[in-house]
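Colleague: I am new to this structure and would like to learn how to read its features one at a time. Could we look at it together?

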Amino acid sequence: KVMKFLRIAWERELPQHLRQLQDYSDDIVKDIVSKVATGEDNSFVGLFVKDEEGKKMREQDPHGFKLYMRDMVLNFLIAGRDTTAQNL
């Protein structure tokens with residue numbers, strides 16, 4: 001907590017790195033939603049957008065839907081990275 005308070009070492013750069021991850025995953029979510037709208041998407045994450053619950057959540061709580069999808073994209077990116085590293 002002291003490092004975070006004083007913004008020492010990696011604590012200084014952490015917010016910037018987290019922002020980059022959020023921006024990158026937000027772009028992916030926007031791309032997936034636009035592809036689903038035009039019928040071009042056939043990705044696994046796109047299935048959650050096409051699902052009835054996903055549509056309902058998108059209509060009722062657009063901000064919550066965006067966060068949900070962003071977290072899901074990050075989860076898939078991290079899981080893919082971990083499994084790839086293990087296979088190498």
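Colleague: Which residues make up the largest nonpolar core?

Modeller: A nonpolar core is a set of buried Ala, Val, Leu, Ile, Met, Phe, Trp, Tyr and Cys residues joined through side-chain atoms within 4.5 Å, where buried means under 20% relative accessible area, exposed over 50% and partly exposed in between, with a 1.4 Å probe and protein chains only. Here the largest such core has 9 residues in all, namely Val-29, Ile-32, Val-36, Val-45, Val-49, Phe-65, Met-69, Met-72 and Val-73. The elements that give two or more residues to this core are α2, α3 (44–50) and α5 (62–87), and α5 supplies the largest share, 4 residues. Please keep in mind that this is a predicted model, in which local features need pLDDT of at least 70 and side-chain atom pairs count only at pLDDT 80 or more, while totals for chains, interfaces and linings use all residues. Residues are numbered from 1 along each chain as its sequence is written, and side-chain values use heavy atoms, with hydrogens and water left out.

Colleague: How many helices and strands are there in the protein?

Modeller: Helices (H or I, at least four residues) and strands (E, at least two) are DSSP runs, numbered from the N terminus. The protein has 5 helices and 0 strands, and along the sequence the pattern reads α-α-α-α-α.

Colleague: Which residues is Val-29 in contact with, leaving aside its neighbours within four places in sequence?

Modeller: Contact means heavy atoms within 4.5 Å. With those neighbours set aside, Val-29 is in contact with Met-69, Arg-70 and Val-73. Ser-25, found in helix α2, touches Arg-70, Val-73 and Leu-74, not counting residues up to four places away in sequence.

Colleague: Is Ser-25 buried or exposed?

Modeller: Ser-25 counts as buried because its relative accessible area is 0%. Its side chain also reaches the backbone oxygen of Gln-22 at 3.1 Å.

How values were computed
A polar contact is a pair of N or O atoms within 3.5 Å; within protein, one must be able to donate a hydrogen and the other to accept it, and residues adjacent in sequence count only if both atoms are side-chain atoms.
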